[in-house]
Amino acid sequence: MSVRRLADEQPTSFEFAPDNKAWAEKELAKYPPGRQASAVLALLWRAQKQNGYWLPRPAIETVAAMLDMPNIRVLEVATFYTMFNLAPVGRHYVQLCGTTPCMLCGAEDLKAVCRKRIGEQGHVTSDGLFSWTEVECLGACCNAPMVQINEEYYEDLTPENFAKLLDDLAAGRPVRTGSQVGRVSSEPIGGLTSLTTLYGADGRGAPGAPANDQSPPSPDEAAAHAHAEVEAADIQAALATLPADATPEQKADAVGDRPPALEAPREGGPDDLQRIKGVGPVNEKRLHELGVYHFDQVAAWKRREIRWVGTYLSFPGRIDREQWVLQAAALAAGGSGPKDEQTHLPTGKIGD
């Protein structure tokens, strides 16, 4: 068993953010008097997430005080479980599985990518974005090789798609979680060969079964939703520092850049922006007020412009979840959108 010690350099203090403190108090209420120590793992994990995925001594002591436990008892828990990082890690903390199935399927090649892109194990890149470590089996052997980055699994990796994954994370682009080759669950790589009467050849449902009210999201849609959650949380954290009476424009300026505008629609009139799923009459009117009249304007939005518009319209993350930029690009090129026909959107990037 490895020796696990706290980092030499420690912050001077730690306090739970208001929302995390409220969550912790709700968590403690689940236990009868005198049994609050049962929440130690949950509170330590929440503290680690708040602190950039590593657990400093002041956080351990804060949790101990909340649970009325000796500091040493909570320190014992933190140093025993390897889920707790005792030193700073990158914003994207890569845990690379090196156990036999992953090793046989190419984990060594993924390690080479990590060493080239990030450095040696435990090293945090100068921009604070990445660090990595090799871990034991993460339980996704059928889809080996794989890594866990923060709380998400990325499976069926190759040196090429893994390098692209790291590049996309660094650039803030949405990424696909789970299998990187599109397979469902842990089915054979070429599709199901048995139990097809139960699950269908594509693994998504029995042939002839009634259609669900909502079809499963494509990998790109799932990635967009995951990215939207991260974006929304980051934006909300920034907005929390503004005065309560900040205007929509002040809020938007705090998190992004206003996109280029037109004084009026081009010759021929504005495009029907309501063909973009998620844009109704109210949003179309507000986009017109911002000088946005055409599909190619929306398709050209970059990352900080997406953040600005989403915040200005009071729904951070929605533009990513509904993939306005991809929809607009398809419509600008003369294609159709989800409102025109019920098909998945083309794959691609959402902003740069």
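**A first walk through the model**

Analyst: Let's start at one residue: D167 lies in helix α7. Keep in mind that this is a predicted model.

User: Is D167 buried, exposed or partly exposed?
Analyst: D167 counts as partly exposed, at 37% relative accessibility.

User: What does D167 touch, leaving out residues up to four places away in sequence?
Analyst: R117 and R173. R117 is 50 residues from D167 in sequence, with 9.2 Å between their C-alpha atoms.

User: Zoom out. How many helices and strands does the chain have?
Analyst: There are 15 helices and five strands. The chain has 352 residues, and 41% of them count as buried.

User: What share of the contacts links residues 24 or more positions apart?
Analyst: 63%, taken over the contacts in the chain with a separation of 6 or more.

User: Now the sheet. What is the strand order?
Analyst: The order is β2-β1-β3-β4-β5. The sheet is open, and its pairing is mixed. Strands β2 (130–135) and β5 (178–179) are the edges, each pairing on one side only.

User: Mixed how? In which sense do β1 and β2 pair, parallel or antiparallel?
Analyst: Parallel, over six bridges. In that pairing, L96 stands opposite E134 of β2.

User: And β1 with β3, parallel or antiparallel?
Analyst: Antiparallel, over three bridges. Here β1 covers residues 92–97 and β3 covers residues 147–149. L96 has V147 as its bridge partner in β3. Q95 has Q148 as its bridge partner there.

User: What holds paired strands together in general?
Analyst: Strands of a sheet pair through backbone hydrogen bonds, in either sense.

User: Which helix packs on the sheet, touching β1, β2 and β3?
Analyst: Helix α6, residues 107–117. The direction of α6 makes about 150° with that of β1.

User: How many residues of β1 are buried?
Analyst: Six of the six, so β1 is largely enclosed by the rest of the structure.

User: Which residues sit on which side of β1?
Analyst: H92, V94 and L96 are on one side, with Y93, Q95 and C97 on the other. Both faces are covered. As a general point, side chains in a regular strand alternate between the two faces of the sheet.

User: Switching to pockets. How much space lies in the largest pocket?
Analyst: About 1300 Å³. The lining has 36 residues, and R91, E229, V230, A233 and D234 lie nearest the centre.

User: Which elements give two or more residues to that lining?
Analyst: They are α1 (18–28), α2 (40–50), β4 (152–155), α7 (159–171), α9 (219–239) and α13 (303–312). α9 gives the most to the pocket lining, with nine residues.

User: How many cavities of 30 Å³ or more are there?
Analyst: Two cavities. The largest cavity has a volume of about 50 Å³.

User: What lines the largest cavity?
Analyst: E231, I235, R303, I306, R307, G310, T311, P316, G317 and D320. Two elements, α9 and α13, each give two or more residues to this lining. α13 has the largest share, with five residues.

User: Where is P316 found?
Analyst: P316 is in the loop between α13 and α14 (318–321). P316 counts as buried, at 14% relative accessibility.

User: And what does P316 touch, not counting residues up to four places away in sequence?
Analyst: P316 touches A232, I235, Q236, G310, T311 and R321. Take A232: P316 is 84 residues from A232 in sequence, but their C-alpha atoms are 5.1 Å apart.

Technical notes
Residues numbered from 1 in each chain as written. Predicted model: local features only at pLDDT ≥ 70, side-chain atom pairs only at ≥ 80, totals over all residues. Heavy atoms only, no water. Pairing = 2+ DSSP bridges. Helix = DSSP H or I, 4+ residues; strand = E, 2+ residues; numbered from the N terminus. Contact = heavy atoms within 4.5 Å. Axes fitted to C-alpha atoms, helices over the stretch in contact; angles between N-to-C directions. 1 Å grid on protein atoms, 1.4 Å probe; cavity = no way out; pocket = protein on both sides within 12 Å on 5 of 7 lines; lining within 4 Å. Points joined across faces, edges and corners; volume = space filled by probe spheres on them. Buried < 20%, exposed > 50% of the residue type's maximum accessible area, 1.4 Å probe, protein only.
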